[in-house]
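Here are my notes on this one, written while going through the model. Have a look at the structure first, then see whether you read it the way I do.

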Amino acid sequence: MNKIIIENLSLQYADGTESLRNVSMDIQQNAVTVLFGPAGGGKSTLLRCLNRLNDLTEVKASGGRILLDGENILDPGLDVIALRRKVGMVFARPVPLPMSIRENLTYALELAGEKRKSKLDEAVERSLKLAAIWDEVKNRLDDPAIALSGGQQQRVCLARVIALQPEVILLDEPTSGLDPISTGKVEAALLELKKEYTVILVPHSVQQAGRTADYAAFFLQGELIEYSEGKAMFTTPKQKKTEDYIMGRFG
Ligand SMILES: Nc1ncnc2c1ncn2[C@@H]1O[C@H](COP(=O)(O)OP(=O)(O)O)[C@@H](O)[C@H]1O
Ligand SMILES: [Mg+2]
């Protein structure tokens with residue numbers, strides 16, 4: 001099922017950079033959709049459009065629509081706070097809150113009015129399990145999150161997003177600073193996550209794209225060059241530019 005439909009999306013930053021040019025693509029629910037390609041292709045810009053983080057940047061011109069469950073999220077009248085609850089995001093560098101591991105997960109829920117300890121405990125356990133870090137931290141939930149390794153912090157950040165029960169999870173090169181073991185754990189978490197959520201990942205390498213993609217979209221300088229099922233993309237790409245990139249001939 002299509003969770004998100006992107007129609008003719010264009011975006012030009014204030015300095016004139018055309019970061020997205022007429023991009024159209026459908027994004028499936030319960031799948032990992034990977035946006036890959038060389039730096040400057042517009043991947044982060046597209047992720048930021050999906051939860052309206054670009055509202056905070058100077059944008060000169062934009063066009064097109066993004067339908068989430070049929071509703072255009074680019075509509076100026078949209079409730080952006082509600083959108084960001086529905087569409088959570090994990091960034092390249094983990095930034096845990098300066099609190100305990102547990103509080104990192106419960107903070108936003110408490111702000112949203114959840115006071116019942118049983119519900120909070122449940123959310124903590126469930127989200128840490130889904131983020132593939134429960135076993136590593138279950139006996140030290142009251143330690144500061146900052147004391148964890150980078151790979152563990154990143155999974156706590158992922159758990160924090162999960163705790164808010166989003167519908168879509170955006171990840172922008174979430175493993176770019178992580179060792180291979182932590183990277184493997186994050187990738188394993190994606191397999192679990194897609195059972196419940198719509199996952200959109202900007203991978204940090206072509207190899208990671210190949211390992212994780214149910215669907216893959218190749219971006220070059222703001223254009224969507226090719227979009228297909230992951231397997232087809234990484235074995236038999238249709239466009240020469242895609243093939244060159246996958247084979248490591250540029251970027
Ligand atoms: N805030 C911004 N202001 C101006 N230009 C930007 C901004 N963010 C990104 N860009 C430019 O937009 C293009 C796409 O960037 P980005 O979306 O970050 O690509 P990617 O994530 O694929 O590397 C690049 O040319 C980049 O320099
Ligand atoms: Mg980027």
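**Notes on the fold and the ligand site**

1. Let me start with a helix on a sheet: helix 6 (residues 150-163) lies across strand 6 and strand 7, and its direction makes an angle of about 175 degrees with strand 6. Keep in mind throughout that this is a predicted model.

2. The sheet in question is an open one with six strands, in the order 6-7-8-3-9-10, and its pairing is mixed. Strand 6 (87-90) and strand 10 (223-229) are the edges, each pairing on one side only. From one strand to the next the twist averages 15 degrees.

3. At the strand 10 end, the neighbour is strand 9 (residues 215-220), and six bridges hold these two together in the antiparallel sense. If you want a pair to check by eye, take Ala 216, which stands opposite Ser 228 in strand 10.

4. There is also an open sheet of four strands, with antiparallel pairing and the order 2-1-4-5. Its edges are strand 2 (18-28) and strand 5, each of which pairs on one side only.

5. Strand 1 (residues 2-13) and strand 4 (residues 59-68) run antiparallel and share eight bridges.

6. Strand 5 (residues 71-72) is antiparallel to strand 4 and joined to it by two bridges. Leu 68 has Glu 71 of strand 5 as its bridge partner. The hairpin of strand 4 and strand 5 has two residues between the strands, and Asp 69 takes a positive phi there, near 50 degrees.

7. Which strands does helix 1 lie across? On the four-stranded sheet, helix 1 lies across strand 1, strand 2 and strand 4, and runs at about 60 degrees to strand 2. On the six-stranded sheet, helix 1 lies across strand 3 (32-36), strand 6, strand 7 (168-172), strand 8 (198-202) and strand 9, running at about 150 degrees to strand 8.

8. What surrounds ligand 1? The shell is made up of Tyr 13, Asp 15, Thr 17, Ser 19, Ala 39, Gly 40, Gly 41, Gly 42, Lys 43, Ser 44, Thr 45 and Thr 57. Helix 1 (residues 43-50) gives the most to this shell, with three residues. By class, eight residues of the shell are polar, two are nonpolar and two are charged.

9. Now the helix pair. Helix 3 (residues 101-111) packs on helix 4 (residues 117-130) at an angle of about 125 degrees, and the axes are 10 Å apart. That angle is why helix 3 counts as oblique to helix 4. Their crossing is right-handed.

10. Which residues make that contact? From helix 3 come Arg 102, Leu 105, Thr 106 and Leu 109, and they meet Leu 120, Ala 123, Val 124 and Ser 127 of helix 4. Sorted by class, the contact of helix 3 with helix 4 has five nonpolar residues, two polar ones and one charged one.

Terms used. Residues are numbered from 1 along each chain as its sequence is written. Chains are lettered from A and ligands numbered from 1 in the order in which they are written. This is a predicted model: local features need pLDDT of at least 70, side-chain atom pairs count only at pLDDT 80 or more; totals for chains, interfaces and linings use all residues. A residue is near a molecule or strand if its C-beta atom, placed from the backbone, lies within 6 Å of it. Ala, Val, Leu, Ile, Met, Phe, Trp, Tyr, Cys and Pro count as nonpolar, Asp, Glu, Lys and Arg as charged, and the others, Gly among them, as polar. Axes are lines fitted to C-alpha atoms, for helices over the stretch in contact, and angles run from 0 to 180 degrees between N-to-C directions. Angles under 35 degrees count as roughly parallel, over 145 as roughly antiparallel, 65 to 115 as roughly perpendicular and the rest as oblique. A crossing is left-handed if the near helix is turned anticlockwise from the far one by less than a right angle, and right-handed if clockwise. Two residues are in contact if their C-beta atoms, placed from the backbone, lie within 7 Å. Two strands pair if DSSP finds at least two bridges between them.
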